[in-house]
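Biologist: Please put the model up, and I will ask about its contacts and its fold.

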Amino acid sequence: SHGSFSWDAYLKDTGEIPAPQSCFKQALVPPKCEFKPGMKLEASDPRNLTSTCIATVIGNLGPRLRLRLDGSDNKNDFWRLVDCDSLQPIGSCEKKGGLLQPPLGFCKNPSYWPMFLQKTLNGAAIAPDCAFITEPPTPPKNEFKLGMKLEAVDRKNPQLICPATVGSVNGDQIHVTFDGWRGAFDYWCRYDSREIFPVNWCALSGHPLQPPGQKGVSQHKQNKQGKHQSLTPSERSKPPSINISTPGYKLGLGESSPSVCSTLP
Ligand code: MLY
């Protein structure tokens, strides 16, 4: 139901190994989503982590929620897992003696915040306590190894989860490299990031999984069946070769240009 990509065939083709479940700060069984669109909750402001705000559920993909802070615009939506400690029921902040804050970039005069808060919560759908799941434990140390396969959020298109490979390990950080995308979407993250998942997490959780990209899959890299083969870590760490006759080169339209890579999915 989520396209034709199969990890099983892909791993057999390439002989690569999935990162073990124990590497990840993710539940053994992905949590169910009990949130519904329109429900309100408390969330820490991603742009100002010390402040607790009101958020509305815009939608979900499996256990990942698309959230919008009340009083913010529709250009700053963010995604959180239902088992994320930065989410809590309405009333939690006040119980701890805290005050709900307007989001960074509150769209109205700050003096209007108390009235806005009252109006935004009046008659609102409140997310039930049972929807909030305890965060899974943090693995004691970074157990990722070079070449291990995983599923990872594309930070430039954060609704997408894609097949990826550990391209490098440095202390508590790993380099997440996206299969078939020549490095344009790669990033470093901590080993306990909530944006990385074991192979088959999407299938288990009901989240769509993107197929690997086609870039860097040249004729000589294709196997007999004509199936995808990812670049080796050493091939991948080399910058893509640039041909000065490539249209768009002089105009800066190479694939690393953020104006090209970070736009539409
Ligand atoms: N419209 C975007 C989509 C790229 C998505 C890449 N991810 C899956 C690694 C583009 O082609 O630039």
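Biologist: How many salt bridges does the structure hold?

Modeller: This is a predicted model, with residues numbered from 1 along each chain as its sequence is written; local features need pLDDT of at least 70, side-chain atom pairs count only at pLDDT 80 or more, and totals for chains, interfaces and linings use all residues. Side-chain values use heavy atoms, leaving out hydrogens and water. A salt bridge is a side-chain nitrogen of Lys or Arg within 4 Å of a carboxyl oxygen of Asp or Glu. By that criterion the count is 13.

Biologist: Which residue meets Asp70 in a salt bridge?

Modeller: Asp70 sits in the loop between E3 and E4, and its partner lies 30 residues away in strand E1 (residues 40-45); helices (H or I, at least four residues) and strands (E, at least two) are DSSP runs numbered from the N terminus. Both residues of the pair are buried, where buried means under 20% relative accessible area, exposed over 50%, and partly exposed in between (1.4 Å probe, protein chains only). The N to O distance is 2.7 Å, and the partner is Lys40.

Biologist: Arg190 forms a salt bridge with Asp172; how many residues apart in sequence are the parts that the pair ties together?

Modeller: The closest N and O atoms of Arg190 and Asp172 are 3.6 Å apart. Arg190 counts as partly exposed at 38% relative accessibility, and Asp172 as partly exposed at 37%. Arg190 lies in strand E9 and Asp172 in the loop between E7 and E8, so the sequence separation of the tied parts is 18 residues.

Biologist: Is Asp192 buried or exposed?

Modeller: Asp192 also forms a salt bridge with Arg190, the closest N and O atoms being 2.8 Å apart. The relative accessibility of Asp192 is 15%, so this residue counts as buried.

Biologist: In what order do the five strands form the open sheet?

Modeller: Two strands pair if DSSP finds at least two bridges between them. Strand E6 (residues 149-153) and strand E7 (residues 161-170) pair in the antiparallel sense over five bridges, and Lys149 has Thr165 in E7 as its bridge partner. The pairing in the open sheet is antiparallel, and the order is E9-E8-E7-E6-E10.

Biologist: At about what angle does helix H1 run to E6?

Modeller: Axes are lines fitted to C-alpha atoms, for helices over the stretch in contact (heavy atoms within 4.5 Å), and angles run from 0 to 180 degrees between N-to-C directions. Helix H1, residues 7-14, lies across E6 and E7, and its angle to E6 is about 130 degrees.

Biologist: Which element gives the most to the largest nonpolar core?

Modeller: A nonpolar core is a set of buried Ala, Val, Leu, Ile, Met, Phe, Trp, Tyr and Cys residues joined through side-chain atoms within 4.5 Å. The largest has 32 residues, and Ala152 and Tyr187 are among those touching the most other members. Elements giving two or more residues include H1, E6 and strand E8 (173-178). The top contribution is four residues, from E7.

Biologist: Where is Asn200 found?

Modeller: Asn200 has a positive phi of about 85 degrees, although it is not a glycine. With a relative accessible area of 38%, Asn200 is partly exposed. Its location is the loop between E10 and H4.
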